[in-house]
Amino acid sequence: MSAASVPFLDLKRINLRHEAAYAAALARVLASGRVLLGEETEAFEREFAAYCGVKHCVGVGNGLDALHLVLRAWGIGPGDEVIVPSHTFIATWLAVSQAGATPVPVEPDATSFNLDPARVEAAITSRTRALVPVHLYGRPAAMDALREIAARRGLKLLEDAAQAHGARLGARRCGALGDAAAFSFYPGKNLGALGDGGAVTTDDDALADRIRLLRNYGSRVKYRHEAAGYNTRLDELQAAFLRERLKQLDADNARRSEIARHYGEALRGLPGLILPDGGPADAEPVWHLYVVRHAQRDRLDAELQARGIATLVHYPTPAHRQAAYGEFAGADLPMADRLSAEVLSLPMDPTLSDEGVAAVVAAVRSACSAIARS
Ligand SMILES: *Cc1c(COP(=O)(O)O)cnc(C)c1O
């Protein structure tokens, strides 16, 4: 049997599916004569807001800026605390730091890997201004409980939805579950551009207006500046590409779910392997990543690489152990430490074939038995 070779995420294959549509999108932008803040951005904002089920979408330069601008627009800054997950991509923390506020890490729930509402309450102080749950790996966070805490304690609730385009909790989609949400359209996300991009979604008219101001130099009218803003806009070309990709999003997410179901059935009960669940009972996750746990993660990783299966670790070093956050070096965050040592992401790609899925399954099965035998 020849060694199978399965890439982690084949971006070339994903994007080439849209070659003709992207060429037409480029032609539209060239013909319009606008490259920033034109019709394509407006159209994408309208279409993505409708998709998420909110009143407003404001396109910005990337996901980190989307998070940061919301915190700024709420006036969160020095002296304020913002609760973030201890186990997340570092951008969630960086947005808080960039606003001048202090990130306060809270440990995840052991099964969902998402912010644990039971621990959030204990982390709230008189300085706390907002909660930033992350729908990590595409699984909706426990938003009902978090919304209740935020309302009772007078806090803002900002979803980091960078990994959850299209995910649902009950009847609503991620992006419509808090006071505002931040999305990233980094190429590897479920809805990815051909470069950087991001967006804020919200039902709040005043917030949307403020984000529009802040993303464009604090200016509504050219050369008149109402606020010390930023330059972080979703450009016309990325917006035009994203309009094409958005048409494919539900089908891509359905394929991701199919792959996740397949992994879940075929890998159940293997020695030492912990499989992910789909989140709260009324959640529909979008499987941005399929993340398993194993006490001997590095060994499992090596066994899979040897069998031609590409894997990644999300994330190998928690934010509190990064040089960028030296002031957190002594923080006691055992769940974040443990997850960073045990998680492993299997190939997850909407263009992955059934043969590719079968190759991953066969490799994980044989790798887990090899580890159990030794
Ligand atoms: C990707 C990501 C971001 C940042 O998005 P960028 O567009 O890369 O700036 C923020 N939070 C999470 C959870 C992410 O996965």
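An oxygen atom of the ligand is 2.6 Å from an N or O atom in the side chain of S184, and a ligand oxygen also lies 2.7 Å from an N or O atom in the side chain of K189. On the nitrogen side, a ligand nitrogen is 2.7 Å from an N or O atom in the side chain of D160. The protein buries 91% of the 390 Å² that the ligand exposes when taken alone; these accessible areas come from the Shrake-Rupley method with a 1.4 Å probe.

This is a predicted model, where local features need pLDDT of at least 70, side-chain atom pairs count only at pLDDT 80 or more, and totals for chains, interfaces and linings use all residues. Residues are numbered from 1 along each chain as its sequence is written, and side-chain values use heavy atoms, with hydrogens and water left out.

Which residues surround the ligand? Among them are N62, F89, V134, Q163 and G197, with a residue counted if one of its heavy atoms lies within 4 Å. By class, the shell has 5 nonpolar, 5 polar and 2 charged residues; Asp, Glu, Lys and Arg count as charged, and Gly is among the polar ones.

Now the sheet. Its 3 strands run in the order β7-β6-β11, open, with antiparallel pairing. Strands are DSSP runs of E, at least two residues, and two of them pair if DSSP finds at least two bridges between them. β7 (172–173) and β11 (283–284) are the edges, each with a single partner strand, so one side of each has no neighbour in the sheet. Strand β6, residues 168–169, pairs with β7 over 2 bridges, and R168 stands opposite R173 in β7.

Note on methods. Polar contact = N/O pair within 3.5 Å; in protein donor to acceptor, adjacent residues only side chain to side chain. Helix = DSSP H or I, 4+ residues; strand = E, 2+ residues; numbered from the N terminus.
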